[in-house]
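Trainee: Hey, can you walk me through this one? I'm still new to reading structures.

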Amino acid sequence: MPVRDAVFEDAEEICALIEEHALYEDKHDLKLDRAEMSGYLFGPEPKAWVVLATPPGRPDVVAGFAFCSWNFSTWEARPGIWLDDLFIRPEHRRHGLGRELLDELRSRTTGRVEWDMQAGNEKAEAFYEQLGAEPVPGWIRYRWRP
C-alpha cells in the first residue's frame, strides 16, 4: 500500500481531506484558505508537510493523509515528528493505510512521533495502543518511541 510525499499539485486534495476530517469530527466551523495552506506546505519556507496514502492498485486515488511538522525534544536531544492530523476516508478504512502512514513517519526520525487524540475516541485509542503507542500521563497524547 503505497504512501508518498505530497507535492504542490496535491494541495487541493489535501485541503479536501482536512475539510472531510473536520466534518467527520463534527467540526462545521472550519475556515480554510487554500492559497494560504499551499504556501505553508509548498512555499519557500514550508511549515508543515503531508504524506498521502493510496489504496492498493489505485495510485490515482488519495485514501488518506498524515499532516506533520518537525518538533524537537530537549529531554531526548533529538528531533521528532508532530502528527497534527491522521485521516483515512471511511471507504478506505480497515486496509492498513493508517498503520502504513504511521510506519512511514516512524521511519523518518530517531526521535518520537507524537499526536493528540480527541477524548472518547475509543476506536482510535485501540488502534494506537495496538501500534505500541502510550498515552502521556495527564494528557491525551500518544508517544511512539523507536
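This is a predicted model: local features need pLDDT of at least 70, side-chain atom pairs count only at pLDDT 80 or more; totals for chains, interfaces and linings use all residues.

Trainee: Got it. What pattern does the protein chain follow along the sequence?

Mentor: Reading along the sequence, you get β-α-α-β-β-β-α-β-α-β-β. In total the protein chain has 4 helices and 7 strands.

Trainee: And what radius of gyration does the protein chain have?

Mentor: The protein chain has 15 Å. A compact globule with 146 residues would come out near 15 Å, so the value agrees with that. The C-alpha atoms fill a box of roughly 35 × 35 × 35 Å along the principal axes.

Trainee: How many of the residues count as buried?

Mentor: Of the 146 residues, 42% do.

Trainee: Okay, so at what angle do H1 and H2 cross?

Mentor: Helix H1 (residues 11–24) and helix H2 (residues 34–42) cross at roughly 110°, and their axes come within 10 Å. That makes H1 roughly perpendicular to H2, since angles of 65 to 115 degrees count that way. The crossing is right-handed.

Trainee: Which residues make that contact?

Mentor: From H1 it's Ala11, Glu12, Ile14, Cys15, Ala16, Ile18 and Glu19, and from H2 it's Arg34, Met37, Ser38, Leu41 and Phe42. They divide into 8 nonpolar, 1 polar and 3 charged.

Trainee: What about H3 and H4, at what angle do they cross?

Mentor: Helix H3 (residues 97–107) and helix H4 (residues 122–131) cross at roughly 50°, with axes that come within 12 Å. H3 and H4 are therefore oblique to each other. H3 also passes H4 in a right-handed crossing.

Trainee: And who's touching whom there?

Mentor: Gly98, Arg99 and Leu102 of H3 meet Phe127, Tyr128, Gln130 and Leu131 of H4. That contact splits into 4 nonpolar, 2 polar and 1 charged.

Trainee: New topic: isoleucine 81. Buried or exposed?

Mentor: Isoleucine 81 counts as buried because its relative accessibility is 0%, and the cut-off for buried is under 20%. You'll find isoleucine 81 in strand S4 (residues 78–88).

Trainee: Which residues does isoleucine 81 touch?

Mentor: Leaving out residues up to four places away in sequence, its contacts include Trp49, Cys68, Trp70, Leu105 and Val113.

Trainee: How far apart are isoleucine 81 and leucine 131 in space?

Mentor: They're 16 Å apart, C-alpha to C-alpha, and 50 residues apart in sequence.

Trainee: Now the loops. What's phi of alanine 77?

Mentor: It's near 55°, a positive value in a residue other than glycine. Alanine 77 sits in the loop between strand S3 (64–73) and S4. With a relative accessible area of 57%, alanine 77 is exposed.

Trainee: And where does arginine 94 lie?

Mentor: Arginine 94 is in the loop between S4 and H3. Its phi is near 75°, again a positive value in a residue other than glycine.

Trainee: Is arginine 94 buried or exposed?

Mentor: Arginine 94 counts as exposed, at 84% relative accessibility.

Conventions: Residues are numbered from 1 along each chain as its sequence is written. Side-chain values use heavy atoms; hydrogens and water are left out. Axes are lines fitted to C-alpha atoms, for helices over the stretch in contact, and angles run from 0 to 180 degrees between N-to-C directions. Helices (H or I, at least four residues) and strands (E, at least two) are DSSP runs, numbered from the N terminus. Angles under 35 degrees count as roughly parallel, over 145 as roughly antiparallel, 65 to 115 as roughly perpendicular and the rest as oblique. A crossing is left-handed if the near helix is turned anticlockwise from the far one by less than a right angle, and right-handed if clockwise. Contact means heavy atoms within 4.5 Å. Ala, Val, Leu, Ile, Met, Phe, Trp, Tyr, Cys and Pro count as nonpolar, Asp, Glu, Lys and Arg as charged, and the others, Gly among them, as polar. The radius of gyration is taken over C-alpha atoms; the globule rule is 2.2 Å times the number of residues to the power 0.38. Buried means under 20% relative accessible area, exposed over 50%, partly exposed in between (1.4 Å probe, protein chains only).
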